[in-house]
Amino acid sequence: MQRPRSRSTGAIFVVPLLLAVASMIGLVAALLGDGVADIVSWVALGLPVAAVVWAMRFRRG
């Protein structure tokens, strides 16, 4: 059995924090604007979905 690697607290929470910030930017952009804001919101809200798809595909088992 392989021992889990130890990581710092910053290394553990940096990706979830970035996904949370991207989601907030996407939600605010969707509420406040049209045109370019719609594109920003789609991209920002698509990042967490892409991260989940990536994690499910390359998850170590």
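Modeller: The account below begins with the chain and then turns to the aromatic pair. This is a predicted model, in which local features need pLDDT of at least 70 and side-chain atom pairs count only at pLDDT 80 or more, while totals for chains, interfaces and linings use all residues. Residues are numbered from 1 along each chain as its sequence is written, and side-chain values use heavy atoms, with hydrogens and water left out.

The chain contains two helices and zero strands; these are DSSP runs, with helices (H or I) of at least four residues and strands (E) of at least two, numbered from the N terminus. Its radius of gyration is 15 Å, well over the 10 Å that the globule rule gives for 61 residues, so the chain is more spread out than a compact globule. That radius is taken over C-alpha atoms, and the rule is 2.2 Å times the number of residues to the power 0.38. Of the 61 residues, 13% count as buried (under 20% relative accessible area; exposed is over 50%, partly exposed in between, with a 1.4 Å probe and protein chains only).

The structure holds one aromatic pair. Trp54 and Phe58 form this tilted pair, with 5.8 Å centre to centre and 50° between the planes. Rings of Phe, Tyr and Trp (its six-membered ring) pair if their centres lie within 6.5 Å; planes under 30 degrees apart count as stacked, over 60 as edge-to-face and the rest as tilted. Both residues belong to helix α2 (residues 36-58), where Trp54 and Phe58 are four residues apart, about one turn of the helix. Trp54 counts as exposed because its relative accessibility is 57%.
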